[in-house]
Amino acid sequence: MASKIHILKAELANKIAAGEVVQRPASVVKELVENSLDAKASKITVIVKEAGKSLIQVIDDGEGMSPDDALLAFQRHATSKIATAEDLEAIRTLGFRGEALASVAAVSQVEMKTRQTSDEMGFFLRIEGNELKEQSKVAMEPGTMVVVKNLFYNTPARRNFLKTRTTELKNITDVVTRMAIAYPEVAWQYTSGDEELLDLRPKSADERLKDLFGDRQAESLVKVRESTDYLAIDGHIGRPDFARKSRAEQFLFINRRFVLNRAINHAVFQAYEHLLDKGMFPFYILNLTLDPHKVDVNVHPSKMEVKFENESNIYRFVLTTVRRSLASNDVIPALSMQADATLRQMDERLRFSQPGPPSASAAPSQPEFAGRTAPFSFTPGEGLDQVDLEKLFGKIERRLGKEALRKDGEATFPADLQRVTPPSSDRVLQHRPMRAPGEKEPAQEGRAIWQIHRKYILSQVRTGLLIVDQHVAHERILYEQVLANFENNLPTTQQLLFPQTVQLTASDYSLVKELQPHLEKIGFDVKMFGKNTVVIEGIPADVRVGSEAEILQNVLDEFKNSEHSGTIDARDKLAKSFACKAAIKAGDSLSTAEMIVLIDQLFATQMPYVCPHGRPIVVKITTEELDRRFGRT
Ligand code: ADP
Ligand code: MG
């Protein structure tokens, strides 16, 4: 009887393998660029069209291949990087599995040109569906060029699975950005369609950061550097006041390979405890260097995950180092003395000579000392009396709220709050005296109104007391105003006397480009300047002059952050992001006139009780309720 088991044809086997290695255009870019880096290229060019769906081209000046090797390279399990099982234990190259080119060729039409320096001519080959269609000699400079056309042309399910062009391009940009961070000595050129997104000269790591993230961001970073016999850490972390609302700017590299690792991510986050507002994530770029024997990168075909031999020790090393960097850089001056003492104690225990706790998996979620000796968490009874505690917390709070850093009493809201009202929207324009629904008569002018804790507005109304959260109130007003702008096409822009040039990351640049028509309707006058630079020429009427770049960046972050929150309408998402970021904050002090206008405008909105994100805006305590509580009835 014929056997029922048979070996899959190479073509089919490769297609199956491709499912793991090549999930999207960005995976192809990653694999090809890794090959270029492994070939010791000093210049790498990435060109994509239609977010990589129609074309991905990677050109390098690396060591190239002989014609025989070029043909072999497309076989599955064909690699020059490892030969023995021992080699697998100590991977020093980015690739080693020998399946990238075979996988890519299985799901696309591939052309390759390659030449070794020692050869006079280069070699050209064309492969389609794993079949060699063409080969010839070509004249070319040493190096390798790979062209991948029509990705997933023969796997329609995969092709249909791809996200929007914007998302796929963002994924590619992320890949190139990560590589450019990790390999500053390499020159990078990255083009999408006819737009050049990156053009980076070889630089020092620090200079490369400036090129990628802009001077302002780079200057806000704190240097991290520490090493033991076992492990070294090198990189930058963001000051707490530069934290972002999304994790998009957290870069972890192990031996220069970008990886995702929850434990280390958590260690960094933990080091910031109390320094970040809820929902905020620190910016960081950290490279850990350790003996390749101590880390397994062969956990998943995409090699984005790694396993450490000694995860809990690494966790603590990262936590301590990041904490110390924060403390020594005066990010938390009031606490540094206490912090130093505790860090020294922790240090003693962190010498890696001592065997770490046996359980590697227990560490990340519950680091042993996170609660006990964390230097910045105080519990009464630790020798600090209540007064000291208040002082300390007061200081921390002040450092936390950037807004609160302004001088006492200084109005932080635009003096002329009338500007909040766009002439276009008559609904918001009505400056009628405050009247909460249910109130028959408008309240008196010169009414009783107070701000408490620079956060809430208290106001007497006829039937009792209103407590309004100033931030969400303003958020509601701005949100409805922006929606009205989208409908009426009448933004109110204040042109800037001094247009602001802002450097964005490549992916933010693409986002601005995509959102530009909407941003315009909100009142942003933003010109795309190329090279990831935009020029802000005008801003919405209610944005504080001077903070335009910050607001734009915050709006972009917020927008990215809400990407998965279920809102599909980009305009609505943008309106929410803008409202949230442009609104006055807790900590802004308001004059009586400002409070009155704010409350009036709030009650002119369609939904004065709930902010666009669903938080309550107004709490009302009726006089009856007060009477009852004071035993008057
Ligand atoms: P791996 O990178 O895991 O070895 P790949 O399928 O990505 O497997 O590549 C197969 C082989 O082709 C590599 O081991 C390398 O020898 C060669 N190769 C691929 N790309 C390049 C390149 N850009 N320059 C020089 N050699 C390359
Ligand atoms: Mg490879």
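The protein has 20 helices and 22 strands, where helices (H or I, at least four residues) and strands (E, at least two) are DSSP runs numbered from the N terminus. This is a predicted model, in which local features need pLDDT of at least 70, side-chain atom pairs count only at pLDDT 80 or more, and totals for chains, interfaces and linings use all residues. Residues are numbered from 1 along each chain as its sequence is written, and side-chain values use heavy atoms, with hydrogens and water left out.

Of the 633 residues in the protein, 52% are buried, meaning under 20% relative accessible area with a 1.4 Å probe, protein chains only. Glu31, in helix H2 (residues 25-38), is buried with a relative accessible area of 5%. Leaving aside residues up to four places away in sequence, Glu31 touches Val21, Ala100 and Lys303; contact means heavy atoms within 4.5 Å.

Ligand 1 is surrounded by 18 residues, the closest being Asn35, Thr79, Ser80, Lys81 and Gly98; a residue counts as near if one of its heavy atoms lies within 4 Å. This shell divides into seven nonpolar, seven polar and four charged residues.

| Polar atom of the protein | Atom of ligand 1 | Distance |
|---|---|---|
| Asn35, side chain | oxygen | 2.8 Å |
| Phe96, backbone | oxygen | 2.9 Å |
| Thr144, side chain | nitrogen | 3.3 Å |

The protein covers 93% of the 530 Å² of accessible area that ligand 1 has on its own, by the Shrake-Rupley method with a 1.4 Å probe.

Note on methods: Chains are lettered from A and ligands numbered from 1 in the order in which they are written. Buried means under 20% relative accessible area, exposed over 50%, partly exposed in between (1.4 Å probe, protein chains only). A polar contact is a pair of N or O atoms within 3.5 Å; within protein, one must be able to donate a hydrogen and the other to accept it, and residues adjacent in sequence count only if both atoms are side-chain atoms. Ala, Val, Leu, Ile, Met, Phe, Trp, Tyr, Cys and Pro count as nonpolar, Asp, Glu, Lys and Arg as charged, and the others, Gly among them, as polar.
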